[in-house]
Number of protein chains: 4
Amino acid sequence: MTDPSALLHAFRTIRARSVALIEGLSAEDCAAQSMPDASPAKWHLAHTTWFFETFVLETHAPEFRPFHPAYRVLFNSYYNQVGDKHPRPRRGLLTRPGLEDVLLYRQHVDAAVWALLTAEPLPAPVLELLTLGLHHEQQHQELLVTDLTHLLFFNPLAPPWPAAPSLPATLPPMAWLPLASGVSEVGHTGTGFCYDNELPRHRTYIAPGQIASRLVRNAEYQAFVESGGYHDQAYWLAEGWDWLQLHQRTHPLYWQRTGSQWQEFTSSGWAALNPVQATLHVSYYEADAYARWAGARLATEAEWEVAVLTHGCAPSGALYEVYDTAWQWTQSSYGPYPGYQPSAGAVGEYNGKFMVNQYVLRGGSAATPPGHSRPSYRNFFPAGTCWQFSGIRLARQG
Amino acid sequence: MTDPSALLHAFRTIRARSVALIEGLSAEDCAAQSMPDASPAKWHLAHTTWFFETFVLETHAPEFRPFHPAYRVLFNSYYNQVGDKHPRPRRGLLTRPGLEDVLLYRQHVDAAVWALLTAEPLPAPVLELLTLGLHHEQQHQELLVTDLTHLLFFNPLAPPWPAAPSLPATLPPMAWLPLASGVSEVGHTGTGFCYDNELPRHRTYIAPGQIASRLVRNAEYQAFVESGGYHDQAYWLAEGWDWLQLHQRTHPLYWQRTGSQWQEFTSSGWAALNPVQATLHVSYYEADAYARWAGARLATEAEWEVAVLTHGCAPSGALYEVYDTAWQWTQSSYGPYPGYQPSAGAVGEYNGKFMVNQYVLRGGSAATPPGHSRPSYRNFFPAGTCWQFSGIRLARQG
Amino acid sequence: MTDPSALLHAFRTIRARSVALIEGLSAEDCAAQSMPDASPAKWHLAHTTWFFETFVLETHAPEFRPFHPAYRVLFNSYYNQVGDKHPRPRRGLLTRPGLEDVLLYRQHVDAAVWALLTAEPLPAPVLELLTLGLHHEQQHQELLVTDLTHLLFFNPLAPPWPAAPSLPATLPPMAWLPLASGVSEVGHTGTGFCYDNELPRHRTYIAPGQIASRLVRNAEYQAFVESGGYHDQAYWLAEGWDWLQLHQRTHPLYWQRTGSQWQEFTSSGWAALNPVQATLHVSYYEADAYARWAGARLATEAEWEVAVLTHGCAPSGALYEVYDTAWQWTQSSYGPYPGYQPSAGAVGEYNGKFMVNQYVLRGGSAATPPGHSRPSYRNFFPAGTCWQFSGIRLARQG
Amino acid sequence: MTDPSALLHAFRTIRARSVALIEGLSAEDCAAQSMPDASPAKWHLAHTTWFFETFVLETHAPEFRPFHPAYRVLFNSYYNQVGDKHPRPRRGLLTRPGLEDVLLYRQHVDAAVWALLTAEPLPAPVLELLTLGLHHEQQHQELLVTDLTHLLFFNPLAPPWPAAPSLPATLPPMAWLPLASGVSEVGHTGTGFCYDNELPRHRTYIAPGQIASRLVRNAEYQAFVESGGYHDQAYWLAEGWDWLQLHQRTHPLYWQRTGSQWQEFTSSGWAALNPVQATLHVSYYEADAYARWAGARLATEAEWEVAVLTHGCAPSGALYEVYDTAWQWTQSSYGPYPGYQPSAGAVGEYNGKFMVNQYVLRGGSAATPPGHSRPSYRNFFPAGTCWQFSGIRLARQG
């Protein structure tokens, strides 16, 4: 996105969307941290702002002055080249700055970026950093949703959250679609934005197989649960079985049974389990176990990408629930593409250093900002992750 | 306190003081939990209210209706006889009810207690429960201070806190006062209020010895630190040494050295270490090690109590810093007095079930509400505790 | 024991007894370590030898040469003044030196001590160190038994162990014996050996009360278990309840139920629970909970000591199972007597540095070497300890 | 291996080799367990025997009688379909059966297998199970070596071990060999034995690149260490950096520095670091960090396999140190090949259930039995593993 006016528009829209997400929530709601892996909503609002301040304004804005000197450390997530970081498990202790201060911080940085963008033409690297910052912000919009959902899950009062995302009310058809076997190219192509981990575009070989046209539904997953799937080691990876025992799981994290009825916790509170909606918030272990129980498997990330490119997305294409429902666990461990080079500078820490012991999810979810994802997009999380909007798309051989 | 009008006055005063403590703080400040052992300020405000609602109104108020049905579980601390409890480490996740709701909850319960107290005469057991509730609230006022201080300690912004307690600006003289040896009586006496753990009053034998007229000062403790005391196992209990290594302590929790200067974190923020003020926030292990280094020891709780009774408190008596500076670690493990009986009912869980692996602290601190403590008062914490206002009064034989 | 010929006899007898304990066991049995708190039998045999080598021969033997230079570190338990220590949790990895080497080490040191003892008269401090070494060895004889029992407990083959101790086949009568109330003296007296923690002898005040003539029996404890005692928080200290949940205990460690039958693991293997034998291997938490269930309490260590001195031991006295069955948990936390001074030198680390968060057990057990204990003897372990031969003697007020 | 006489010969040879490995070791050496991930040598000797007893004799031998009924549980490693398992972290507590008993157990089972093999012709599935058992035993021969080395590493006496493996005394040349890019087939082919995870043979696409003719040497790795490589986050995966801090590593596990000299612990004890020998016992994190420091990367498992097939092994081929020095970490996470099917029955638990969060190592090591490995062989361990004989072969793009 090297067109400054398009960038201006995107900047205004995306930055506003972050703040819109917390409408109807209290400052207290935005300050708490439910676990070390999650962050307070307020922190997301501040960190995305820090990203622009640190990577763009600090270097490229004439007369840059930090909004507050302590923020450089407070809101650094994991960029060692930037320097010290406030410890991640203590983000929830940052009652100061308050939400109001963070919103002022956003305005301050927004104004400075605005001034930068509307002054003389910016060199391409700065435009690229600004673009990266917007995609970064969209990622944190989704994390803000997942983290808030996790926080509210622990509150017996089940507070309502007006801006919570909702699933599409579709009932997509199930079909097994053939995978285009042979040598294919995967990885980002074209002139649009992508992260460094989507490159280089490269060839891969895909064996004959099929992929499901839609995600696994609650009614299907419920059958797995009720047939004793969580109590039969035969379906589980050894490590997955240990994970089940450690966390004492007998169903997905956000499910509960009241008598004979299943309920599901959503970002709008507890609701009766909807049998025709996609199963959400399962770990890689659960996705893998379900697939084995169902006589299928998870797709590789290359299979997934080629399927999207060849079959297309509904309504015009044959694949349903690609970007708007749940991220889809693949069986691919997250690693570098052949010839992968991290971006230069501190932003090179964005993706590459996490390429071990994580699994790739493809697609997008109800919590993903519209337009944020694409066929080559690689999301990744450890196998035990289930507070993300993660679901299951099956594949099989032949 | 069986005089209803005195009780009315105390109720109004003490309940108001709790709310006054959070003046100048934000709702976010009051919602965070710095560690599982600490609680959010908001939780203290709600739990003390729950105490009156559950133990007094629920049983004794005609037409009692709970303010909110979920609060009975949310704000139960550890009373198994009352039923379920919200998990302690998750108190900081209770962003709802918000601070405003909790203040309304307080008003609702205050009004109901007020109505009860001003209607027909109440039976003695109800008056006793109300009295217990007020002493309970005073204990939580101190905990609110210690917990907030701990929270603010983790914030690099060091937010100011107007209502934070301050130490008396005295410079008490040091003297060794003789202990009255022989058989003495200890434990509560008289008609005033006491907790069940201060009873029965009973005889004990005290050997000849001496007790310090004042607490150990920062300048003295600094000499211990700077002479290498934290690096010489000879001064430490084996378990204390392990504790040092585990927490990587080389000085008290709230101290830090900047160049050659020592600073101390107080509930008002970071300040230069005041050499003539009492050392605060040390663990039992540190108090014991310091005493050994100084060629002395900690007093037993019986020695402490008899010393206060025989020497009296300054200004009229010879003992300084008894109630207004720092709780004083004794060498006595917290256990039952001969013939101890817990109170009947759920409030019997108040003290007795904690009588193992904790050490008694006597006196009171700058954070203790005035008039709350007394000679027979037994505070108790595990040996590794240092976020309380805990200090050192030495004793020695002969 | 300053009579050299008596010391010679004791040395020969006690040193031989240690080796006799492992008769019938394999080198493998003697090398394994069942948990960090326990040690291999071979380590006990070596460490007790190290004690004589390090504290006596190294300083006092002319022409001393260590058996092996590495042993000074390998077999140091916790004496910081001696220097480095092999890490405790890795004692079971010391497959070398082998058992045969350790037995040679014993012979080597025995010969050197023998030579020292039979040469010119030794100064009193050396005789005292030798005496301390023998008492130290007797303590480790008991630990060797407890640790081996714990190891064998984990082996489904339940190997026989010829030298395992057995309980006296008595059926002692139950009576409540009065405690001599008033001021009494406790602590060691006379010219015999004692540890530093039994001194100084001092006065204490004892309130009126009673103590049980015998220990709690299996049939009695079984009634506690079967009445739901392990599932009712009302009987347990809060910390004890947490301990139960953490270790998932529903009965004593060495019990198991097969159908409706209870079995007990003893150092001779699994056997039907003997209803008239004393309950063994309970933690402080369990002893305390049982006492509460039974409407009684544990004695203080002073009460226990005075009771033994005033009532005497069966058969001539009224107290049964004092020294030959199970150590008896007292409610007393382990701490210093008034005026306590640790012994000089490295042996001063023997007792004093453990005086926190441990509870005193009095008496002796089936595994205690005959003659090793005495009325003033203070054994001590953390409250969760249950692999020791620990039992329950009740007391009550009035 | 369906030729019974070849099988007979292999059975005799391989079974004898296991026992030869412990020559010169004591029963104690063979009984200890250095960590939960490692097993005692005795356990390896018993478990490999259990494999034949359980999977072959139990079902296929007429008049089969178990050597000891408890062994079926004691020596089951992880086969849930076989039933209960003795807990892995407690294998070192199995002082019984003693080493002598385990050697008798081996003889007993050897005789029964011998009888089976020399009686009437066996059906193919039984021959296949016997063959699997022999490959299984060879894997455990290597584990026995790695586990014993780890145990001896913790012993300050550094006991000698006559049968310890030694590295080839070669000095292989360094060259960058081209990778055959394009579509290749990988996976096992031919009629020889392979594990289920080497199948199905399938096509894969390989990008242009190069692979090193030999492994990274100690002198090279030392340069990485001495240039500060263990203190610069830029070289490390984020998880690898956390691993370094947690284990406080500043060099490979089996290295130590004495003054300015580096030493290396080998299965023959401590020795001066040999600069021209391959670096051993590095984790995936270390291998990956070294590669980044060296401006290279690890190969994928497909690249490795194709390189061996196209370049051949020295002396006739161009690749050195393929099977006889150190297993070579690849960047490939361990997962199923397209169309992978686990073997039927309990032996299907051999490989498939571990296909998550482990990384593939290719080749073989000085501890691998000669002839055991092959080009398609997939070894796998978690990324933090370093007690295996694991080394580094670099690759690079272009």
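Two chains are in contact when heavy atoms of one lie within 4.5 Å of heavy atoms of the other. The structure described here is a predicted model. By that rule, no contact joins chain A and chain C, and their closest C-alpha atoms lie 13 Å apart. Chain B and chain D do not touch either, with 13 Å between their nearest C-alpha atoms. The pairs that do meet include chain B with chain A and chain C with chain D.

The size of an interface is often given as the accessible area lost when the parts come together. Chain B and chain A bury about 2,300 Å² between them, and 61% of this lies on carbon and sulfur atoms. On the side of chain B, the residues that lose the most area to chain A are Glu28(B), Leu93(B) and Arg96(B), together 33% of what that side buries. The contact takes 31 residues from chain B and 31 residues from chain A.

Four salt bridges are found across the interface of chain B and chain A. Which element gives the most to the side of chain B that touches chain A? That element is helix 2 (residues 27-31) of chain B, with four residues. Sorted by class, the side of chain B that touches chain A has 16 nonpolar, ten polar and five charged residues.

## Where chain C meets chain D

The interface of chain C and chain D takes 31 residues from chain C and 31 residues from chain D. About 2,300 Å² is buried between chain C and chain D, 61% of it on carbon and sulfur atoms. In chain C, the greatest losses of area to chain D fall on Glu28(C), Leu93(C) and Arg96(C), which together make up 33% of what that side buries.

Between chain C and chain D there are four salt bridges. The rule also finds ten residue pairs in polar contact across the interface of chain C and chain D, both residues at pLDDT 80 or more. Helix 2 (residues 27-31) of chain C gives the most to the side of chain C that touches chain D, with four residues. That side of chain C divides into 16 nonpolar, ten polar and five charged residues.

## Salt bridges

Over all chains, the structure holds 67 salt bridges.

| Residue | Partner | N to O distance |
|---|---|---|
| Arg96(A) | Asp29(B) | 2.4 Å |
| Arg96(C) | Asp29(D) | 2.4 Å |
| Glu137(B) | Arg15(B) | 2.8 Å |
| Lys353(B) | Glu349(B) | 2.6 Å |
| Glu349(D) | Lys353(D) | 2.6 Å |

Glu137(B) and Arg15(B) form a salt bridge. This pair links distant parts of the chain: Glu137(B) is in helix 6 (residues 124-153) of chain B and Arg15(B) is in helix 1 (residues 4-21) of chain B, 122 residues apart. Are Glu137(B) and Arg15(B) buried or exposed? Both Glu137(B) and Arg15(B) are buried. In chain A, a network of salt bridges links Arg15(A), Arg106(A), Asp110(A) and Glu137(A).

Lys353(B) and Glu349(B) are both buried. In chain D, Glu349(D) has a relative accessible area of 8% and therefore counts as buried, the cut-off being under 20%. Lys353(D) is also buried, because its relative accessibility is 14%.

## Strands in chain D and chain A

In chain D, strand 5 (residues 255-258) and strand 6 (residues 261-266) pair in the antiparallel sense over four bridges. Arg257(D) stands opposite Trp262(D) in strand 6 of chain D. The hairpin of strand 5 and strand 6 of chain D has two residues between the strands, and Gly259(D) takes a positive phi near 65° there.

Strand 6 of chain D also pairs with strand 7 (residues 269-272) of chain D, antiparallel and over four bridges. A hairpin of two residues joins strand 6 to strand 7 of chain D. Phe265(D) stands opposite Trp270(D) in strand 7 of chain D.

Chain A has an open sheet of four strands in the order 11-10-9-12, with mixed pairing. Its edge strands are strand 11 (379-381) and strand 12 (390-391) of chain A, each of which pairs on one side only. Strand 9 (residues 327-333) and strand 10 (residues 359-362) of chain A run antiparallel and are joined by three bridges. Gln328(A) has Arg362(A), in strand 10 of chain A, as its bridge partner.

Technical notes:
Residues are numbered from 1 along each chain as its sequence is written. Chains are lettered from A and ligands numbered from 1 in the order in which they are written. This is a predicted model: local features need pLDDT of at least 70, side-chain atom pairs count only at pLDDT 80 or more; totals for chains, interfaces and linings use all residues. Side-chain values use heavy atoms; hydrogens and water are left out. A salt bridge is a side-chain nitrogen of Lys or Arg within 4 Å of a carboxyl oxygen of Asp or Glu. Buried means under 20% relative accessible area, exposed over 50%, partly exposed in between (1.4 Å probe, protein chains only). Buried area is the accessible area (1.4 Å probe) that two parts lose on being put together, summed over both. A polar contact is a pair of N or O atoms within 3.5 Å; within protein, one must be able to donate a hydrogen and the other to accept it, and residues adjacent in sequence count only if both atoms are side-chain atoms. Ala, Val, Leu, Ile, Met, Phe, Trp, Tyr, Cys and Pro count as nonpolar, Asp, Glu, Lys and Arg as charged, and the others, Gly among them, as polar. Two strands pair if DSSP finds at least two bridges between them.
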